[in-house]
Amino acid sequence: MPWQPVASMLIIGGMVNVTAGLMWGINRLYFGPGGRKIMRDEYDFNLENRDLRVLEYRKMLAEAAK
C-alpha cells in the first residue's frame, strides 16, 4: 500500500530535524549567542582575548596613577 512508507519517512525526517536542533543548541551553548564567526580560527579568538586583557591592564594602571 502506498501510505505505509509515510511513517518511516516521518520518523527519519523527524530525527534529522532533532539532530539539527541539537547541533544548533550545542553550538549556541559552546560559542555563545553570536556563534563562531566564519573564517576565524583559534588564533583570532586568542588575539581578541589578549586585547581585552591588555585593555583591562591599561585601565588598572590609569586608575593606580590617579
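The points below go from the whole chain to single residues.

1. The structure is a predicted model. Every value in this note should be read with that in mind.

2. Secondary structure. The protein chain has two helices and zero strands.

3. Overall dimensions. The C-alpha trace spans about 85 × 20 × 10 Å along its principal axes. The radius of gyration of the protein chain is 24 Å, whereas a compact globule of 66 residues would have a value near 11 Å.

4. Burial and surface. Of the 66 residues in the protein chain, 2% are buried; a residue counts as buried because its relative accessible area is under 20%. The protein chain exposes about 6,300 Å², and 67% of this area comes from carbon and sulfur atoms.

5. Nonpolar patch. Which residues form a nonpolar patch on the surface? They are Ile 11, Met 15, Val 18, Leu 22 and Ile 26, and together they have about 520 Å² of accessible area. Ile 11 is exposed, because its relative accessible area is 56% and the cut-off for exposed is over 50%.

6. Thr 19. This residue is also placed in helix H1. Is Thr 19 exposed or partly exposed? Thr 19 counts as partly exposed, because its relative accessibility is 43%, which falls between the cut-offs of 20% and 50%. Thr 19 and Phe 31 are 12 residues apart along the chain, and their C-alpha atoms are separated by 18 Å.

7. Charges. The protein chain carries 9 positive and 7 negative side chains. The centres of these two sets lie 4 Å apart.

8. Salt bridge. How many salt bridges does the structure hold? There is one. The partners are Arg 50 and Asp 51, whose closest N and O atoms are 2.8 Å apart. This pair qualifies because the cut-off for a salt bridge is within 4 Å. Arg 50 is partly exposed, with a relative accessible area of 39%. For Asp 51 the relative accessible area is 39%, so Asp 51 is partly exposed.

Notes. Residues are numbered from 1 along each chain as its sequence is written. This is a predicted model: local features need pLDDT of at least 70, side-chain atom pairs count only at pLDDT 80 or more; totals for chains, interfaces and linings use all residues. Side-chain values use heavy atoms; hydrogens and water are left out. Patches are made of residues with over 30% relative accessible area and no salt bridge: like charges are joined within 9 Å, nonpolar side chains (Val, Leu, Ile, Met, Phe, Trp, Tyr) within 5 Å. Accessible areas come from the Shrake-Rupley method with a 1.4 Å probe; for residues, only the protein chains shown count as cover. A salt bridge is a side-chain nitrogen of Lys or Arg within 4 Å of a carboxyl oxygen of Asp or Glu. Buried means under 20% relative accessible area, exposed over 50%, partly exposed in between (1.4 Å probe, protein chains only). Helices (H or I, at least four residues) and strands (E, at least two) are DSSP runs, numbered from the N terminus. The radius of gyration is taken over C-alpha atoms; the globule rule is 2.2 Å times the number of residues to the power 0.38. Lys and Arg count as positive and Asp and Glu as negative; His and the chain ends are not counted. The place of a charge is taken as NZ of Lys, CZ of Arg, CG of Asp or CD of Glu.
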